[in-house]
Amino acid sequence: MKKHALALILCAGLVPAFTTAQEEDPLYENIMFYHSFEGTFQPDQSRGSDKIQNGRLVKENYSFIPGVKGKAIYCPAKDGALYFVTKENIDFSKPGSVSTWILPKAWRVQTKDTPNQGKTKWKQTYSNGLISTAYNPKGYVVLQRMTSHVPGGKDLLWLGFPCFKEIKKSNVSKNYDFQLGKWYHIVKTWDGLNFTVYVNGEEILKTAVPHKITPDYLARLFPINIGKGVAVDEYTIYDKQLSAEEVKAMFNKLNPAK
């Protein structure tokens, strides 16, 4: 009897060791695509193809550095991107979200010495794609950081829908002071028509499009952008429009500054 009771106690003590990922993450069942960059170029899970699609991968262009959780991927030398199949991994016609962390370590910024564009008084505009689809002449979706071309221009966070003939007034932007050496949590959510962008748990941009963006309009692939001088970590696509509370909780969970 005592042996039986002891066995029950030991088993009870082992229960926490078998806690599943589903129990640790209430959004686990909503994940369509997840890349932890834990020292590998292949994603941890995906509903569609998980194979890199951009041809020959030059691994020497990337390195792995400490991230917000484990390791992150870093591109010190030149702009880069890892491309994966869109089908079954991301769908803008249904509710969804993309979450990622970025660390601008050495991306280009405007200074008094930044050259002008041609024979004008306007400075060069630098940009970094944060969350985007691949280019498609029918239309594509992009959230990017840009520098304004005016002298002394600030960083802009710009959400746009280039090339869509039916989407003309939905492009939105806002000044945002990105600082080098600091991690940022970027989330883009949508319900098919309405798009919201959060940075570090706070709503920054919001817009609506006149019609749902069906898969017919999008390229076959989507990139995880890893621009020159930028590190990326915990890139995740969900099949639900995350609420403001869920986004805030995700930020607080991994916030490196806490």
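## Ground rules

The model is predicted, so local features need pLDDT of at least 70 and side-chain atom pairs count only at pLDDT 80 or more, while totals for chains, interfaces and linings use all residues. Residues are numbered from 1 along each chain as its sequence is written, and side-chain values use heavy atoms, without hydrogens and water.

## The largest pocket

The largest pocket holds about 580 Å³ of space. A pocket is an open set of points on a 1 Å grid over the protein atoms alone, where a 1.4 Å probe fits, with protein on both sides within 12 Å along at least five of seven lines. Its volume is the space filled by probe spheres set on the points, which are joined across faces, edges and corners.

The largest pocket has 23 lining residues (those with an atom within 4 Å of a point). Asp25, Lys69, Glu234, Tyr238 and Lys253 are the closest to its centre. Helix α3 gives the most, five residues. Helices (DSSP H or I, at least four residues) and strands (E, at least two) are numbered from the N terminus. Also supplying at least two residues each are α2, β1, β6 and β15.

By class, the lining has 11 nonpolar, five polar and seven charged residues. Ala, Val, Leu, Ile, Met, Phe, Trp, Tyr, Cys and Pro count as nonpolar; Asp, Glu, Lys and Arg as charged; the others, Gly among them, as polar.

## The second largest pocket

Here the space is about 270 Å³. Tyr83, Gly129, Ser132, Pro223 and Asn225 lie nearest the centre, out of 18 lining residues. Two or more residues each come from β5, β7, β8 and β14. Strand β7 has the largest share, with four. The lining includes nine polar, eight nonpolar and one charged residues.
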